[in-house]
There are 2 protein chains.
Amino acid sequence: MRVYNFSAGPSTLPLNVLEQARDEFLDFAGTGMSVTEISHRDKAFAAVVAEAESLVRELLKVPDDYAVLFVQGGASTQFAAIPLNMMHNKKADYIVTGNFAKKAWQEGKIYGEAVKIGDSSDKTYTYIPDVDTLPYSDDADYVHITSNNTIFGTRYVKFPKCKAPLVADMSSEIFSREVNVADFGVIYAGAQKNLAPAGVTIVIAKRSLIQDPLPICPTMLKWKIQDENGSLYNTPPCFSIYMADLVLRDLKAKGGVKAMNETDEYKAGLLYDFIDNSKLFKNNVVKEFRSIMNVPFVTPSAELDAKFIAEAKSAGLVSLKGHRLVGGMRASIYNAMPVEGVKALIEFMKKFELENK
Amino acid sequence: MRVYNFSAGPSTLPLNVLEQARDEFLDFAGTGMSVTEISHRDKAFAAVVAEAESLVRELLKVPDDYAVLFVQGGASTQFAAIPLNMMHNKKADYIVTGNFAKKAWQEGKIYGEAVKIGDSSDKTYTYIPDVDTLPYSDDADYVHITSNNTIFGTRYVKFPKCKAPLVADMSSEIFSREVNVADFGVIYAGAQKNLAPAGVTIVIAKRSLIQDPLPICPTMLKWKIQDENGSLYNTPPCFSIYMADLVLRDLKAKGGVKAMNETDEYKAGLLYDFIDNSKLFKNNVVKEFRSIMNVPFVTPSAELDAKFIAEAKSAGLVSLKGHRLVGGMRASIYNAMPVEGVKALIEFMKKFELENK
């Protein structure tokens with residue numbers, strides 16, 4: 001029986017996409033080979049990479065002077081790639097709004113002066129600092145943000161307006177909200193939340209900003225090299241790109257990012273409304289900054305949290321355990337989580353609350 | 001109809017493994033989720049990583065003081081990771097026996113003095129230099145080799161005996177021959193040839209050599225960090241690791257590396273024997289150094305080569321085009337290429353020779 005999988009990543013994928021991948025797993029595009037076996041230089045596979053790039057451009061309305069890259073190593077590798085491609089003045093601003101934002105900042109410090117200009121750790125990362133009043137550096141190479149904080153369940157409502165190019169880790173919310181790409185220097189995202197199986201990372205970068213990587217930058221982390229080679233400088237993570245392409249096709253068929261955002265807002269609204277009216281469950285995030293992708297919540301006790309997680313699992317609602325940094329529960333309700341899954345979770349929470357008054 | 005796929009990588013995988021992956025694609029280990037969706041922290045998936053590591057250790061007889069890592073970015077990323085983890089004296093020796101060996105050497109030069117102590121480009125990389133007479137540096141941090149040269153179809157018959165740790169790129173031959181891991185400081189291999197779909201790279205490294213990465217090393221490229229986190233420092237390329245695990249299980253069931261080597265030697269022997277007795281086809285590699293994985297060959301003319309490649313494709317023998325650096329044809333006959341595939345290729349070559357005298 002298929003469960004509802006609330007994992008923060010890797011995470012649930014559209015069932016119709018999984019079925020298509022299964023059905024053609026031994027014979028991709030009539031080639032007589034699995035997509036896991038075909039040469040990345042084969043025309044049939046090159047078409048997949050080209051289509052995936054084209055769909056990213058179309059669905060996010062990416063301007064023509066931006067590169068769209070498929071690379072490896074996850075957002076964590078990009079934490080180094082960002083300074084290695086961009087830190088020419090050896091100075092960058094970081095807004096630290098969670099665990100991954102902090103990791104990005106710490107990695108930045110390896111390569112230059114990484115200035116923490118904002119920090120919401122004083123309230124366990126339950127809010128986003130006011131981006132209009134932060135002390136942006138005059139000579140920063142870029143300003144780094146994490147637009148949605150997977151572990152703490154927050155998101156930026158508006159983005160910094162700063163002189164330096166804005167670099168945003170959108171791993172856990174890309175394709176769930178419309179953004180104006182031209183407002184950013186770089187957007188990057190690990191695919192394993194809203195796009196594809198783990199193994200591929202998208203980088204969308206303004207080409208004028210990526211022409212001069214630092215000399216110590218590993219060749220594979222040079223965005224310019226990846227751009228010049230159409231993400232095929234070496235063997236790419238073919239299967240993950242193929243799956244990303246199927247998910248992007250599916251997203252387009254479902255109406256694109258705007259339509260998906262409406263569904264995502266609706267799903268999150270159902271869950272937050274229930275939690276806010278519950279006497280047992282609580283979400284601690286400042287309402288304005290609540291993520292529509294990751295919804296952390298708690299009961300009054302760790303024992304009851306554990307009981308909830310175990311009983312939910314038995315009911316086919318899995319991976320609801322919160323991150324070890326915050327405890328409690330977390331429901332990740334990405335694009336591929338059906339409305340029915342959120343409703344099933346709410347019904348289960350209702351029942352649990354009645355049984356545990 | 002399933003073709004015989006002679007691609008140099010990504011490349012053919014065992015049919016029984018592909019069938020298993022397809023059959024359980026929507027429900028991995030009874031979890032009600034696809035293996036592409038499950039959290040990498042889930043016990044069911046952690047068991048996959050643990051089993052894959054354990055099988056690598058068992059099948060290659062890896063000593064206990066070596067780390068076995070699953071990382072991302074392909075061998076090309078390791079070209080940087082090697083100096084970034086090991087180049088403390090800022091000096092290393094490189095033996096350049098082909099295109100990837102050259103790329104590894106060039107990447108080494110970013111981080112220190114990368115000394116080219118051997119080079120077989122004088123004869124289009126058709127041989128391996130005599131490893132007993134090379135001018136090894138006294139103060140090198142390591143000696144780097146490419147044990148099998150995918151494009152040129154050569155392999156080391158014996159390995160350098162040098163003071164510095166030996167670092168070997170075994171991407172295109174790992175698991176096809178028995179090696180004494182203790183003779184190496186580091187063995188690494190992109191998986192997309194003999195092990196799994198593209199997206200995962202194996203690193204086998206003596207732990208005493210990887211304790212002190214250079215300060216500029218990106219965290220994700222620090223082997224020590226990957227080792228301390230059991231290859232789960234960040235989200236790994238889960239599907240490729242899962243497939244590697246299935247292939248390793250299959251390799252064990254088929255008798256392990258020794259048995260596989262016998263089959264591989266047999267397959268290569270059939271093909272080289274035919275070529276050596278042919279009046280039309282020719283392999284230019286010095287016999288002693290011929291690869292048993294990658295077999296390049298040519299006819300007397302580029303036109304006939306093109307005709308051969310096209311007609312072979314129509315006959316279900318695909319991806320036989322040689323690399324653009326050498327032209328002609330190349331048959332990659334990795335572990336997963338059945339004996340029947342090699343026999344079918346030879347039969348086709350016989351027929352083509354008769355028709356094109």
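**Questions on a predicted two-chain model**

Q: In this predicted model, which residues is Thr201(A) in contact with, leaving aside its neighbours within four places in sequence?
A: Happy to walk through this one. Thr201(A) lies in strand β10 of chain A, residues 201–206. Leaving aside its neighbours within four places in sequence, Thr201(A) is in contact with Leu69(A), Phe70(A), Val71(A), Gln72(A), Gly73(A), Gly74(A), Ala75(A), Gln78(A), Ala189(A), Gly190(A) and Ala191(A).

Q: Is Thr201(A) buried or exposed?
A: Buried means under 20% relative accessible area. The relative accessibility of Thr201(A) is 0%, so this residue counts as buried.

Q: The backbone nitrogen of which residue lies 3.1 Å from a polar atom of the side chain of Thr201(A)?
A: A polar contact calls for N or O atoms within 3.5 Å. The partner is also on the contact list of Thr201(A). At 3.1 Å from a polar atom of the Thr201(A) side chain lies the backbone nitrogen of Gly74(A).

Q: Where in α3(B) does the kink of about 30 degrees lie?
A: Helix α3 of chain B covers residues 74–86, and its reach of 18 Å from first C-alpha to last is close to the 18 Å expected. In α3(B), 13 of 13 residues are buried. The kink comes shortly before the proline Pro83(B), at Ala80(B).

Note on methods: Residues numbered from 1 in each chain as written. Chains lettered and ligands numbered in written order. Predicted model: local features only at pLDDT ≥ 70, side-chain atom pairs only at ≥ 80, totals over all residues. Heavy atoms only, no water. Helix = DSSP H or I, 4+ residues; strand = E, 2+ residues; numbered from the N terminus. Buried < 20%, exposed > 50% of the residue type's maximum accessible area, 1.4 Å probe, protein only. Polar contact = N/O pair within 3.5 Å; in protein donor to acceptor, adjacent residues only side chain to side chain. Contact = heavy atoms within 4.5 Å. Expected span 1.5 Å × (residues − 1). Bend = angle between axes of the 7 residues up to and from the residue.
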